[in-house]
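I opened a new notebook page for this chain. My entries follow in the order I looked things up.

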Amino acid sequence: MATSRALAFLESRKNLTGSACGLVGLAGTFTGVAGTYWPLIVAGLYGAGALIAPPERPRTPAFDDTAEQLTTLRTDFTTLTAYLTEVDLPPAAAGRLTELTEVLAALLEPGWVADALTQDPEAVHALSRAIRQDIPESVDTYVRTRWWTRLQPTTDPPERHLERQLTVLYDESRTLATALREAESRRQETHTRYLEDRHKSP
């Protein structure tokens with residue numbers, strides 16, 4: 001630890017700038033300008049150089065780009081679908097869940113859809129939240145609540161909440177798909193106008 005800190009200081013801007021100023025002082029010593037006070041002059045120039053040097057800038061953290069996030073998300077989606085096949089759901093909820101996972105699978109499919117997603121980090125975040133948090137929590141909460149309901153029946157069946165939750169998630173996924181489609185449509189319209197304007201220009 002101490003060795004790394006010493007090496008970091010030796011390579012720092014403050015030390016390099018101070019050393020450069022100190023060399024100027026030594027040059028003055030050899031030419032006779034500094035006189036007998038040369039140690040103080042060299043030390044003073046070194047200190048002045050260290051003070052005026054710009055501070056060290058922390059290295060910017062490197063995060064996964066959107067394409068890498070999508071690759072990881074596809075793996076997580078495969079894990080999620082394997083989990084869902086082991087859960088016994090009522091027909092209505094199972095049907096809604098199938099519709100939801102079909103939309104998510106289409107959005108995660110490699111190709112032009114993935115290219116569109118890489119341009120929208122918020123869309124990737126929404127997919128990640130649905131796959132890694134919302135769907136597993138909805139299904140797991142249903143399974144646990146259903147067990148308690150068998151012991152103490154209630155007037156508000158847990159499958160009703162599950163259907164409502166999956167419907168909301170399905171609507172969100174469809175909204176996301178629609179937004180991506182509209183973005184592609186706007187891109188196409190922009191390209192059409194560009195070609196038409198270029199054709200009109202002399």
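Over which residues does pLDDT stay under 50, and how many contacts beyond four places in sequence does the model have for them? I found residues 6-10, with 4 such contacts. This is a predicted model, so I checked confidence before anything else.

**Confidence.** I read a chain average pLDDT of 77, with 65% of the residues scoring at least 70. I then went through the elements of the chain. Helix H1 (residues 2-10) has the lowest mean pLDDT, 49. Helix H5 (residues 91-108) has the highest, 93.

**Helix H4.** I checked the length of H4, residues 66-84. Its 19 residues, at 1.5 Å a residue, should span 27 Å. I got 26 Å between the end C-alpha atoms, which agrees. Next I looked up burial. Thr66, Leu70, Leu73, Phe77, Leu80 and Leu84 are buried in H4. They lie on the same side of H4, because their arc around the axis is only 70°. An α-helix has 3.6 residues a turn, so residues three or four places apart point the same way. On the face turned away from the buried side of H4, I noted Thr78 and Thr79, which are exposed.

**Threonine 101.** I moved to H5, where threonine 101 lies. Its relative accessible area is 16%; the cut-off for buried is under 20%, so threonine 101 counts as buried. I left aside neighbours within four places in sequence and found threonine 101 in contact with Phe77 and Leu84. Both of these are among the buried residues of H4.

**Rings.** I searched the whole structure for aromatic pairs and got 0. I did find the charged end of arginine 96 over the ring of tyrosine 170, 4.7 Å from the ring centre.

Key. Residues numbered from 1 in each chain as written. Predicted model: local features only at pLDDT ≥ 70, side-chain atom pairs only at ≥ 80, totals over all residues. Heavy atoms only, no water. Phe/Tyr/Trp six-rings, centres within 6.5 Å; stacked < 30°, edge-to-face > 60°. Lys NZ or Arg CZ within 6 Å of the ring centre and 35° of its normal. Helix = DSSP H or I, 4+ residues; strand = E, 2+ residues; numbered from the N terminus. Expected span 1.5 Å × (residues − 1). Buried < 20%, exposed > 50% of the residue type's maximum accessible area, 1.4 Å probe, protein only. Arc of directions from axis to C-beta. pLDDT = per-residue confidence, 0-100. Contact = heavy atoms within 4.5 Å.
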